[in-house]
Amino acid sequence: MNNKKSSMVYLLMVLPALILFFAFHTFPVLQGVFYSFTNWRGYGDWDFIGLRNYIHVFKDGRALDAYFFTIKFAIVSTILVNIFSLLIALGLNAKIKFKSTLRAVYFMPNILSILIVGFIFNYILSIFVPTIAQNLGITFLATSILGNPDLAWVGVVIVAVWQAVAFNTILYLAGLSTISDDLYEASNLDGANKWQEFWKITFPLIAPFFTINMVLAMKNFLMVFDHIMGLTGGGPGRATESISILIYRSGFTGGEFAYQSANAVIYFIVIVGFSVFQIRQLQKREVEM
(Lines give C-alpha, C1' and ligand atoms only; values in the text may rest on other atoms or scores of the structure.)
Protein backbone atom coordinates (compact mmCIF):
# COMPACT_ATOMS: atom_id res chain seq x y z
CA MET A 1 0.00 0.00 0.00
CA ASN A 2 2.81 2.35 0.90
CA ASN A 3 4.54 1.57 -2.39
CA LYS A 4 1.39 2.49 -4.31
CA LYS A 5 1.11 5.77 -2.42
CA SER A 6 4.76 6.54 -3.08
CA SER A 7 4.30 5.81 -6.77
CA MET A 8 1.29 8.12 -6.90
CA VAL A 9 3.25 10.89 -5.17
CA TYR A 10 6.13 10.54 -7.64
CA LEU A 11 3.71 10.49 -10.56
CA LEU A 12 1.95 13.65 -9.34
CA MET A 13 5.33 15.36 -8.97
CA VAL A 14 6.55 14.37 -12.44
CA LEU A 15 3.28 14.72 -14.36
CA PRO A 16 3.13 18.57 -14.42
CA ALA A 17 6.68 18.71 -15.80
CA LEU A 18 5.86 16.10 -18.44
CA ILE A 19 2.72 17.98 -19.49
CA LEU A 20 4.61 21.28 -19.77
CA PHE A 21 7.48 19.63 -21.67
CA PHE A 22 5.09 18.02 -24.13
CA ALA A 23 3.02 21.18 -24.57
CA PHE A 24 5.93 23.56 -25.13
CA HIS A 25 8.53 21.26 -26.72
CA THR A 26 7.35 17.91 -28.08
CA PHE A 27 4.03 19.08 -29.53
CA PRO A 28 5.52 22.11 -31.38
CA VAL A 29 8.24 19.84 -32.80
CA LEU A 30 5.69 17.33 -34.06
CA GLN A 31 3.57 20.16 -35.40
CA GLY A 32 6.57 21.59 -37.27
CA VAL A 33 7.36 18.20 -38.81
CA PHE A 34 3.73 17.89 -39.88
CA TYR A 35 3.65 21.31 -41.52
CA SER A 36 6.94 20.60 -43.32
CA PHE A 37 4.94 18.36 -45.68
CA THR A 38 2.51 21.18 -46.51
CA ASN A 39 2.64 24.57 -48.22
CA TRP A 40 1.40 26.53 -45.18
CA ARG A 41 2.72 30.09 -45.05
CA GLY A 42 2.00 30.57 -41.36
CA TYR A 43 -1.49 31.77 -42.05
CA GLY A 44 -4.40 30.88 -44.29
CA ASP A 45 -5.16 27.54 -45.93
CA TRP A 46 -2.68 24.80 -46.75
CA ASP A 47 -2.36 21.61 -48.76
CA PHE A 48 -0.16 18.54 -48.52
CA ILE A 49 2.74 18.68 -50.97
CA GLY A 50 4.80 15.69 -49.79
CA LEU A 51 8.59 16.01 -49.97
CA ARG A 52 8.57 19.08 -52.22
CA ASN A 53 9.87 21.38 -49.46
CA TYR A 54 12.74 19.03 -48.63
CA ILE A 55 13.76 18.74 -52.27
CA HIS A 56 13.61 22.51 -52.70
CA VAL A 57 16.00 23.06 -49.77
CA PHE A 58 18.78 21.27 -51.66
CA LYS A 59 18.16 23.51 -54.69
CA ASP A 60 17.95 26.75 -52.70
CA GLY A 61 21.16 28.74 -53.11
CA ARG A 62 20.44 30.90 -50.07
CA ALA A 63 19.95 27.84 -47.86
CA LEU A 64 23.10 26.16 -49.18
CA ASP A 65 25.14 29.33 -48.53
CA ALA A 66 23.76 29.43 -44.98
CA TYR A 67 24.70 25.79 -44.42
CA PHE A 68 28.20 26.42 -45.77
CA PHE A 69 28.70 29.44 -43.51
CA THR A 70 27.30 27.66 -40.45
CA ILE A 71 29.43 24.53 -40.89
CA LYS A 72 32.58 26.59 -41.63
CA PHE A 73 31.96 28.77 -38.59
CA ALA A 74 31.24 25.77 -36.33
CA ILE A 75 34.36 23.81 -37.36
CA VAL A 76 36.74 26.77 -36.97
CA SER A 77 35.18 27.89 -33.67
CA THR A 78 35.16 24.36 -32.21
CA ILE A 79 38.85 23.87 -32.94
CA LEU A 80 39.85 27.28 -31.56
CA VAL A 81 37.72 27.09 -28.42
CA ASN A 82 39.12 23.69 -27.48
CA ILE A 83 42.72 24.77 -28.05
CA PHE A 84 42.36 27.94 -25.96
CA SER A 85 40.27 26.37 -23.20
CA LEU A 86 42.69 23.45 -22.82
CA LEU A 87 45.68 25.81 -22.61
CA ILE A 88 43.92 27.99 -20.04
CA ALA A 89 42.85 24.94 -18.03
CA LEU A 90 46.43 23.66 -17.95
CA GLY A 91 47.59 27.06 -16.71
CA LEU A 92 44.88 27.32 -14.06
CA ASN A 93 45.59 23.77 -12.91
CA ALA A 94 49.24 24.59 -12.25
CA LYS A 95 50.56 25.67 -8.86
CA ILE A 96 50.04 29.41 -9.21
CA LYS A 97 48.88 32.20 -6.90
CA PHE A 98 45.25 33.39 -6.93
CA LYS A 99 44.18 30.19 -8.68
CA SER A 100 40.58 30.36 -7.44
CA THR A 101 40.25 34.05 -8.31
CA LEU A 102 41.57 33.51 -11.82
CA ARG A 103 39.16 30.61 -12.35
CA ALA A 104 36.25 32.87 -11.40
CA VAL A 105 37.50 35.61 -13.74
CA TYR A 106 37.83 33.23 -16.68
CA PHE A 107 34.34 31.83 -16.03
CA MET A 108 32.65 35.26 -16.05
CA PRO A 109 32.00 35.40 -19.84
CA ASN A 110 29.81 32.29 -19.52
CA ILE A 111 27.32 34.03 -17.23
CA LEU A 112 26.90 37.07 -19.47
CA SER A 113 24.00 37.38 -21.91
CA ILE A 114 25.13 36.35 -25.39
CA LEU A 115 23.01 39.04 -27.03
CA ILE A 116 24.37 41.79 -24.76
CA VAL A 117 27.93 40.57 -25.38
CA GLY A 118 27.21 40.72 -29.11
CA PHE A 119 26.05 44.34 -28.89
CA ILE A 120 29.10 45.30 -26.81
CA PHE A 121 31.54 43.69 -29.24
CA ASN A 122 29.63 45.26 -32.11
CA TYR A 123 30.58 48.66 -30.66
CA ILE A 124 34.16 47.54 -29.98
CA LEU A 125 34.77 46.13 -33.46
CA SER A 126 32.80 48.78 -35.35
CA ILE A 127 33.81 51.99 -33.54
CA PHE A 128 36.39 51.54 -30.78
CA VAL A 129 38.99 49.42 -32.60
CA PRO A 130 38.80 51.36 -35.93
CA THR A 131 39.14 54.68 -34.08
CA ILE A 132 42.22 53.53 -32.15
CA ALA A 133 43.70 51.94 -35.29
CA GLN A 134 43.14 55.12 -37.30
CA ASN A 135 44.88 57.23 -34.65
CA LEU A 136 47.82 54.81 -34.63
CA GLY A 137 47.99 54.65 -38.41
CA ILE A 138 47.07 50.95 -38.65
CA THR A 139 45.16 51.03 -41.91
CA PHE A 140 44.20 47.33 -41.84
CA LEU A 141 42.05 47.83 -38.74
CA ALA A 142 40.86 51.35 -39.58
CA THR A 143 37.62 49.97 -40.97
CA SER A 144 35.26 47.60 -39.17
CA ILE A 145 35.68 43.95 -40.08
CA LEU A 146 31.95 43.52 -39.42
CA GLY A 147 31.26 45.62 -42.52
CA ASN A 148 33.51 43.48 -44.70
CA PRO A 149 31.68 40.52 -46.32
CA ASP A 150 34.91 38.50 -46.38
CA LEU A 151 35.94 39.19 -42.77
CA ALA A 152 32.68 39.63 -40.87
CA TRP A 153 32.57 35.93 -39.99
CA VAL A 154 35.97 36.31 -38.29
CA GLY A 155 34.48 38.86 -35.91
CA VAL A 156 31.67 36.45 -35.06
CA VAL A 157 34.23 33.68 -34.45
CA ILE A 158 36.25 35.93 -32.12
CA VAL A 159 33.25 36.76 -29.94
CA ALA A 160 31.81 33.24 -29.94
CA VAL A 161 35.14 31.66 -29.00
CA TRP A 162 35.81 34.27 -26.31
CA GLN A 163 32.55 33.45 -24.58
CA ALA A 164 32.58 29.68 -25.10
CA VAL A 165 36.11 29.23 -23.73
CA ALA A 166 34.81 29.83 -20.19
CA PHE A 167 32.53 26.78 -20.07
CA ASN A 168 34.96 24.45 -21.84
CA THR A 169 37.74 25.50 -19.49
CA ILE A 170 35.67 24.41 -16.49
CA LEU A 171 35.12 20.97 -18.05
CA TYR A 172 38.82 20.55 -18.77
CA LEU A 173 39.65 21.60 -15.21
CA ALA A 174 37.26 18.93 -13.96
CA GLY A 175 39.12 16.38 -16.06
CA LEU A 176 42.55 17.54 -14.91
CA SER A 177 41.48 17.27 -11.27
CA THR A 178 40.96 13.52 -11.74
CA ILE A 179 44.63 12.91 -12.61
CA SER A 180 46.74 11.77 -9.67
CA ASP A 181 49.97 13.67 -8.94
CA ASP A 182 51.67 10.31 -8.46
CA LEU A 183 51.65 9.78 -12.21
CA TYR A 184 53.57 13.00 -12.81
CA GLU A 185 56.05 12.17 -10.03
CA ALA A 186 56.67 8.77 -11.62
CA SER A 187 57.16 10.38 -15.04
CA ASN A 188 59.68 12.83 -13.58
CA LEU A 189 61.64 9.92 -12.16
CA ASP A 190 61.65 8.36 -15.63
CA GLY A 191 63.03 11.60 -17.10
CA ALA A 192 59.95 12.63 -19.10
CA ASN A 193 59.65 16.28 -20.10
CA LYS A 194 56.47 18.40 -19.97
CA TRP A 195 55.60 17.72 -23.61
CA GLN A 196 55.87 13.97 -23.10
CA GLU A 197 53.84 14.21 -19.89
CA PHE A 198 51.04 15.97 -21.76
CA TRP A 199 50.79 13.47 -24.63
CA LYS A 200 51.45 10.31 -22.61
CA ILE A 201 49.59 11.12 -19.36
CA THR A 202 47.47 14.27 -19.39
CA PHE A 203 45.73 14.10 -22.75
CA PRO A 204 44.90 10.36 -22.71
CA LEU A 205 43.37 10.69 -19.23
CA ILE A 206 41.23 13.72 -20.13
CA ALA A 207 40.25 12.27 -23.52
CA PRO A 208 36.61 11.69 -22.38
CA PHE A 209 36.38 15.37 -21.41
CA PHE A 210 37.88 16.32 -24.77
CA THR A 211 35.15 14.29 -26.47
CA ILE A 212 32.42 16.00 -24.44
CA ASN A 213 33.84 19.46 -25.17
CA MET A 214 34.18 18.81 -28.89
CA VAL A 215 30.63 17.49 -29.23
CA LEU A 216 29.03 20.23 -27.12
CA ALA A 217 31.03 23.00 -28.79
CA MET A 218 30.20 21.80 -32.30
CA LYS A 219 26.52 21.43 -31.43
CA ASN A 220 26.32 24.90 -29.88
CA PHE A 221 28.19 26.57 -32.74
CA LEU A 222 26.02 24.87 -35.36
CA MET A 223 23.05 26.43 -33.56
CA VAL A 224 24.62 29.93 -33.50
CA PHE A 225 21.99 32.67 -33.38
CA ASP A 226 22.42 35.32 -30.68
CA HIS A 227 26.04 36.15 -31.54
CA ILE A 228 25.11 36.91 -35.14
CA MET A 229 21.99 38.88 -34.19
CA GLY A 230 24.02 41.05 -31.82
CA LEU A 231 27.02 41.54 -34.12
CA THR A 232 25.97 41.58 -37.75
CA GLY A 233 22.30 40.64 -38.00
CA GLY A 234 23.31 38.22 -40.73
CA GLY A 235 25.08 40.88 -42.80
CA PRO A 236 26.72 42.53 -44.51
CA GLY A 237 24.27 41.34 -47.10
CA ARG A 238 23.92 37.66 -46.22
CA ALA A 239 27.60 37.01 -45.52
CA THR A 240 26.99 35.81 -41.95
CA GLU A 241 23.50 34.40 -42.28
CA SER A 242 23.39 31.11 -40.37
CA ILE A 243 20.77 28.40 -40.74
CA SER A 244 19.01 29.41 -37.52
CA ILE A 245 18.84 33.05 -38.68
CA LEU A 246 17.47 31.98 -42.06
CA ILE A 247 14.82 29.73 -40.50
CA TYR A 248 13.78 32.42 -38.02
CA ARG A 249 13.49 35.24 -40.54
CA SER A 250 11.98 33.43 -43.49
CA GLY A 251 9.81 31.16 -41.39
CA PHE A 252 8.22 33.72 -39.10
CA THR A 253 8.29 36.90 -41.19
CA GLY A 254 8.82 35.70 -44.75
CA GLY A 255 5.71 33.59 -45.23
CA GLU A 256 7.75 30.37 -45.55
CA PHE A 257 6.68 28.60 -42.38
CA ALA A 258 6.25 25.14 -43.92
CA TYR A 259 9.33 25.41 -46.12
CA GLN A 260 11.53 26.53 -43.23
CA SER A 261 10.03 23.79 -41.06
CA ALA A 262 11.42 21.31 -43.59
CA ASN A 263 14.71 23.18 -43.45
CA ALA A 264 14.63 22.90 -39.65
CA VAL A 265 14.15 19.13 -39.86
CA ILE A 266 17.16 18.85 -42.17
CA TYR A 267 19.08 21.17 -39.84
CA PHE A 268 18.28 18.88 -36.91
CA ILE A 269 19.47 15.83 -38.84
CA VAL A 270 22.73 17.62 -39.72
CA ILE A 271 23.40 18.49 -36.06
CA VAL A 272 22.65 14.93 -34.92
CA GLY A 273 24.83 13.57 -37.72
CA PHE A 274 27.80 15.72 -36.72
CA SER A 275 27.36 14.77 -33.05
CA VAL A 276 27.14 11.02 -33.73
CA PHE A 277 30.15 11.16 -36.07
CA GLN A 278 32.22 13.04 -33.49
CA ILE A 279 31.29 10.70 -30.65
CA ARG A 280 32.15 7.59 -32.64
CA GLN A 281 35.46 8.89 -33.94
CA LEU A 282 36.62 10.43 -30.67
CA GLN A 283 35.59 7.44 -28.57
CA LYS A 284 37.46 5.17 -30.97
CA ARG A 285 40.51 7.35 -30.43
CA GLU A 286 40.03 7.11 -26.65
CA VAL A 287 40.28 3.32 -26.92
CA GLU A 288 43.44 3.59 -29.03
CA MET A 289 45.05 5.78 -26.39
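**Pockets and helix packing**

In the predicted model, helix α12 provides the largest share of the lining of the largest pocket, namely eight residues. Residues are numbered from 1 along each chain as its sequence is written. Because the model is predicted, local features need pLDDT of at least 70 and side-chain atom pairs count only at pLDDT 80 or more, while totals for chains, interfaces and linings use all residues; side-chain values use heavy atoms, with hydrogens and water left out.

The largest pocket has a volume of about 860 Å³. Of its 21 lining residues, Val29, Ile247, Ala264, Val265 and Tyr267 are the closest to its centre. Two or more lining residues come from each of α1 (2-35), α11 (243-252) and α12 (257-288). By class, the lining holds 14 nonpolar, seven polar and no charged residues. A pocket is an open set of points on a 1 Å grid over the protein atoms alone, where a 1.4 Å probe fits, with protein on both sides within 12 Å along at least five of seven lines; lining residues have an atom within 4 Å of a point. Grid points are joined across faces, edges and corners, and the volume is the space filled by probe spheres set on the points. Ala, Val, Leu, Ile, Met, Phe, Trp, Tyr, Cys and Pro count as nonpolar, Asp, Glu, Lys and Arg as charged, and the others, Gly among them, as polar.

The second largest pocket has a volume of about 560 Å³. It is lined by 16 residues, of which Asn93, Ala94, Tyr184, Lys194 and Glu197 are the closest to its centre. At least two lining residues each are supplied by α3 (61-93), α7 (181-189) and α8 (194-205). This lining divides into six nonpolar, four polar and six charged residues.

Helices (DSSP runs of H or I, at least four residues) are numbered from the N terminus. Helix α4 (residues 99-111) packs against helix α6 (residues 152-176) at an angle of about 130 degrees, with the axes 6 Å apart. Axes are lines fitted to C-alpha atoms over the stretch in contact, and angles run from 0 to 180 degrees between N-to-C directions. The contact (heavy atoms within 4.5 Å) involves residues including Arg103 and Tyr106 of α4 and Trp162 and Gln163 of α6. It comprises eight nonpolar, two polar and one charged residues.

The axes of helix α5 (residues 114-136) and α6 come within 11 Å and cross at roughly 135 degrees, which makes α5 oblique to α6. Ile114, Val117, Phe121 and Leu125 of α5 meet Gly155, Val159, Trp162 and Gln163 of α6.

Notes
Parallel < 35°, antiparallel > 145°, perpendicular 65-115°, else oblique.
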